Amino acid sequence: PSVAGVERATRPRMRRHGVAIRQCFRHRSLQCRSPEVGSLKPVAVLHHSTVHRRYHQRSFWRETNSSSRILAGITGTLTWPALAFRCSRRRTRSSTSCSSVPFQVTNVRGEHATIPMTSVDRETLQELGQQTLDMLGKYVGHLSELPVRAERKPGELAKQFPSSPPTTPTEFRRILAKVEEHVLPGITHWQHPRFMAYYPSSSSVPAILSETIIAALGVVGLQWSASPIATELEVVVMDWLAKMLGFDGAFLHRSGKGGGILQNTAGEAIANIMVCARVRKQREINPDAAWEEAFYADSSKLVVYMSNQTHFSGPKACRVAGMRVHTIPARLTDGNFRLHPADLQAAINSDRAAGLVPCALQLNFGSTNTCGLDNAAEFEGIAAEERLWVHVDAAYAGPAWALEEFSADAAAVSRVATSVNVNGSKWFLCGFDSAFLWVRDRRLLIDVFAASDDFMAPAEDGIYNPEFKDWSIPLGRRFRALRIWTVIEYFGTDGIRSFLRAAIEQAQWLRDRVDAHPSFAQPVRTRLGMLCIRLAESDA
């Protein structure tokens, strides 16, 4: 039947029983039962679960968004049973929706259960939220007493959970108890004061609590119109961070040319960049070819250069982009493993002689293994001459650019780099996941990732309303900007700089004691909060 016919057929029944039709419940074995009405058969399916306006108003059908109109309504034609239950006719303007009323279900085995309300109501949120905070407070208060690492064998933890999901609801307090009983013993505690593995993962109170706000708001940042503040706040915080780190104005959104975007991880940021570097080089090679040809052209002869200290996400990103990787051994110079321009030039000359095409250069500022720092200023000439896309991976050490003693490094990177990534989760108190990516020219991203469809709102790409879906692979984006903004507001730039300096001072305290001890040595010398320590050769 037509949509209009379904409306006419179902409207009397809805008025008679006072039924609000809700979202399809994705449990095929459930039948709906209302405590007041009794067993109800599904009469309609709604496209969105947001249609919960007061059904007794005459304006109900006029108020309903066209995308939320009834799509089907004949009993027996639905794949999933629709949930329908009765609400009081005497609604007030402050009343909650029908989804705030608990209802009973009966499964195919005749078992009854009360399903919790599906909407977010204040009382439940406050009650369960306080229970959650109490549990987290207990955890944080005893964190230092726990073992850093979970001593478990693979599969041992999974056996604590049933092989099938629960069919009936579990009280939230019991869920929290299960977290303490089954989850926490399997945690490697990255926030533990004795955690020394991998790399830092600095979180903070504002980062933790802002995640709760983000989850409650439930923003899906498809584009500016999907939630304007999600886009505009991201523009604001990315410009704040660029200024704090001392970047050239070209990397700011306000320049109208470059700008920054939040990513999941540094690895994702580098993968996006390598795809864009490949397309740009193909356009340079064949400027007269149709634009689409740059996406599909053979890129197996394009080469990306990096040192052997580079994180493996670099080579992985190049594989994703379909390009070759030329790994160059870094030299231990002045106690630091870094790439040298002469070695890069020799590698380029060798590859050109073999018929290959130099495409991009990835430099490090704080490599994962040894905290290696490549001097970006030394590569300015060769990058321009060879027309290389220069990307700087500063996932760990990039925050140090906020300190005056590292301003010269920041200025060199800002002058030479085409793109830069920094992690907010390692050394910036923002928690995981928060990776910052800046580009000198936003068109380099938009030319590759721009896409849309009829269901998207028309948009114009401006300074404060960029379509971030066109800047990287994902369409839907979390409201991470709120977390970054909360952290910066809470600590201020002075507080963050104090945190960075304290980490460097702590590292220097340990360096001095390692140097004074005959049994230990430092294979590399760093200026940051990371140390590499080994046994002295005489004790090896």
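Visitor: What bends α15, by how many degrees, and where?

Guide: α15 bends by about 85 degrees at Gly492. The bend is the angle between axes fitted to the seven residues ending there and the seven starting there. This is a predicted model, where local features need pLDDT of at least 70, side-chain atom pairs count only at pLDDT 80 or more, and totals for chains, interfaces and linings use all residues. Residues are numbered from 1 along each chain as its sequence is written, and side-chain values use heavy atoms, with hydrogens and water left out.

Visitor: What makes one face of α5 the buried one?

Guide: Buried means under 20% relative accessible area; exposed means over 50% (1.4 Å probe, protein chains only). Pro206, Ala207, Ser210 and Ile214 are the buried residues of α5. Seen down the axis, they fall within an arc of 90 degrees, so they line one face. The arc is taken from the directions from the helix axis to the C-beta atoms. Thr212, Ala215 and Ala216, on the other side, are exposed.

Visitor: Why is a set of residues called a nonpolar core?

Guide: Because its members are buried Ala, Val, Leu, Ile, Met, Phe, Trp, Tyr and Cys residues joined through side-chain atoms within 4.5 Å. The largest has 70 residues. Its largest share, 9 residues, comes from α15.

Notes:
Helices (H or I, at least four residues) and strands (E, at least two) are DSSP runs, numbered from the N terminus.
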